Amino acid sequence: IGLIRRFVVGQGLQISYSSPVVEEVLEAWRYQHRQHLERWEKQWFDQLLVDGELFLRAYGNGLQGEYADTRVVSVKPWLVEAIETEPEDRTALVSYWLVPEVGSGSPTDPVRVTGTAAPVRASEIVHCSINALSYERRGRSELFAILPWLTAYKEWLENRARINRYLGALYHLQAENAGPAQIAQIRSRFRKPLEPQSVLVTSTRETLTKLDQSTGARDAGEDGRMIRLMAIVGMGLPV
């Protein structure tokens, strides 16, 4: 996701204007009017790739003038319960049903989801979606197609880490003619594993042998590489 964002967005969006007046008004709105949109440009791009869709709600004072008071806020996709369209035309959007989120975020007034979904006019919502079929309204994440391969690579790394952690740390101690009490005493003595460069002193009746732990790690390395390649191909990145 970060690689795609750096390639597409780079340092941020650049807008060219043919009118100096429009440039002055919009640039002031982007950078000075409490919007700080330059901060969100990269984050919105990441969110679109991760969630598969982006919802922005525009608030305004409804004035038709030179300086209209307009704010843009991001809506969490999981709070959009439904998208309503005209009964006979699925491309004609009517409203978005949003679950309200209340609270200021202070310790005495935490942010929380409450109540049931309420409709918001479609004209107030900017909805961007990707990887959606013609009959769908919601998008799918860029990661959706490669989730099985990401899970497989995660499990592969975890298994390799477990093997490497205990590699060279397993021993077999054989005590000649030892009864249950003696075996329990020896086991208690070795509750703490042997440390590197330590000296072990035993009698001739005890034999300590290091177990062979050949894991075939060289062969497994190619498996991990192929899993990574499948994830890269699924994202449409060059191999």
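This is a predicted model: local features need pLDDT of at least 70, side-chain atom pairs count only at pLDDT 80 or more; totals for chains, interfaces and linings use all residues.
Three strands form an open sheet in the order E3-E4-E7, and their pairing is antiparallel. Strand E3 (80-86) and E7 are the edge strands, each pairing on one side only. Neighbouring strands are turned by 45 degrees against each other on average, direction ignored. Look next at the pairing of E3 with strand E4 (residues 89-98). The two run antiparallel and are joined by 6 bridges. Ile-83 has its bridge partner in E4, namely Tyr-96.

Now turn to the second largest pocket. Its space comes to about 300 Å³. The lining counts 14 residues. Nearest the centre of the pocket lie Arg-57, Tyr-59, Val-75, Leu-98 and Glu-101. Strand E1 (53-60), strand E2 (70-75) and strand E7 (118-121) are the elements that give two or more residues to this lining. E2 provides the largest share, with 4 residues. By type, the lining residues divide into 9 nonpolar, 1 polar and 4 charged.

Finally, go to helix H6 (residues 217-234), where Ala-231 is found. Is Ala-231 buried or exposed? Ala-231 counts as buried because its relative accessibility is 12%, and the cut-off for buried is under 20%. Which residues does Ala-231 contact, leaving aside its neighbours within four places in sequence? They are Ile-146, Trp-149 and Leu-150. Pro-148 is 83 residues from Ala-231 along the chain, yet their C-alpha atoms are separated by 8.8 Å.

Key
Residues are numbered from 1 along each chain as its sequence is written. Side-chain values use heavy atoms; hydrogens and water are left out. Buried means under 20% relative accessible area, exposed over 50%, partly exposed in between (1.4 Å probe, protein chains only). Contact means heavy atoms within 4.5 Å. On a 1 Å grid over the protein atoms alone, a cavity is a set of points where a 1.4 Å probe fits but cannot get out, and a pocket is an open set with protein on both sides within 12 Å along at least five of seven lines; lining residues have an atom within 4 Å of a point. Grid points are joined across faces, edges and corners, and a volume is the space filled by probe spheres set on the points. Ala, Val, Leu, Ile, Met, Phe, Trp, Tyr, Cys and Pro count as nonpolar, Asp, Glu, Lys and Arg as charged, and the others, Gly among them, as polar. Two strands pair if DSSP finds at least two bridges between them. Axes are lines fitted to C-alpha atoms, for helices over the stretch in contact, and angles run from 0 to 180 degrees between N-to-C directions.
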